[in-house]
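Please examine the sequence and the structure shown below.

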Amino acid sequence: MKYRVDHDAQAGKFILPELEVVDTNGADIDAQKFAALCGTFNGYRRNKMPIPMPSMGGNVSVPVVFQLKIHLWNWMLANRYRATDLAERLNLHRQQAYRI
């Protein structure tokens, strides 16, 4: 799974067209692209919105663990599950479910 993240060197911004978010910073470009992507994902979770799937031609790979979390999050929203419900179904403590 790869998301497209563009870097505007003049403005020092990262543009995430699929997620409609711009993040700023400088230094290691690849690490910052990934950090911008993670920050965007957290914003979607805070606002209880599904995380959009990437389109073709992405340039930032998302690790498998993150991919699974994205799919789980979207499934939980679609089925109106809370982390507490997930903990009950998986026989976990509520805090363990929140860490997922």
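Predicted model: local features only at pLDDT ≥ 70, side-chain atom pairs only at ≥ 80, totals over all residues.

Residues are numbered from 1 along each chain as its sequence is written, and side-chain values use heavy atoms, with hydrogens and water left out.

The protein chain contains four helices and five strands. Here helices (H or I, at least four residues) and strands (E, at least two) are DSSP runs, numbered from the N terminus. In sequence order the elements follow the pattern β-β-β-β-α-β-α-α-α. Of the 100 residues in the protein chain, 30% are buried; buried means under 20% relative accessible area, exposed over 50%, and partly exposed in between, with a 1.4 Å probe and protein chains only. The accessible surface of the chain comes to about 6800 Å², and carbon and sulfur atoms account for 52% of it. Such areas come from the Shrake-Rupley method with a 1.4 Å probe, and for residues only the protein chains shown count as cover. Among contacts (heavy atoms within 4.5 Å) between residues at least 6 apart in sequence, 46% join residues at least 24 apart.

Within α2, the residues Q67, I70, W73, N74 and M76 are buried. An α-helix has 3.6 residues a turn, so residues three or four places apart point the same way.

Helix α3 has its own buried residues, A83, T84, D85, L86 and A87. Their cover includes α2 and α4. Q95 lies in helix α4 and is partly exposed, at 48% relative accessibility. Q95 and A83 are 12 residues apart in sequence, and their C-alpha atoms are 8.7 Å apart in space.

Which helices supply the lining of the largest pocket? At least two residues each come from α1 (29–46), α2 (64–78), α3 (83–90) and α4 (94–99), and the largest share, seven residues, comes from α2. The volume of this pocket is about 510 Å³. Of its 23 lining residues, R45, W73, M76, Y98 and I100 are the closest to its centre. On a 1 Å grid over the protein atoms alone, a pocket is an open set of points where a 1.4 Å probe fits, with protein on both sides within 12 Å along at least five of seven lines, and lining residues have an atom within 4 Å of a point. Grid points are joined across faces, edges and corners, and the volume is the space filled by probe spheres set on the points. By class, the lining has 15 nonpolar, two polar and six charged residues. Ala, Val, Leu, Ile, Met, Phe, Trp, Tyr, Cys and Pro count as nonpolar, Asp, Glu, Lys and Arg as charged, and the others, Gly among them, as polar.

Helix α1 also holds Q32, which counts as buried at 13% relative accessibility. Q32 and V5 are 27 residues apart in sequence, yet 10.0 Å apart in space, C-alpha to C-alpha.

Backbone angles deserve a final look. Most residues other than glycine have a negative phi. K48, although not a glycine, has a positive phi of about 55°. K48 is placed in the loop between α1 and β5 (60–61) and is exposed, with a relative accessible area of 61%. R80 likewise is not a glycine and has a positive phi of about 55°. R80 lies in the loop between α2 and α3, just after α2, and counts as exposed at 75% relative accessibility. After α3 comes N91, whose phi is positive, near 55°.
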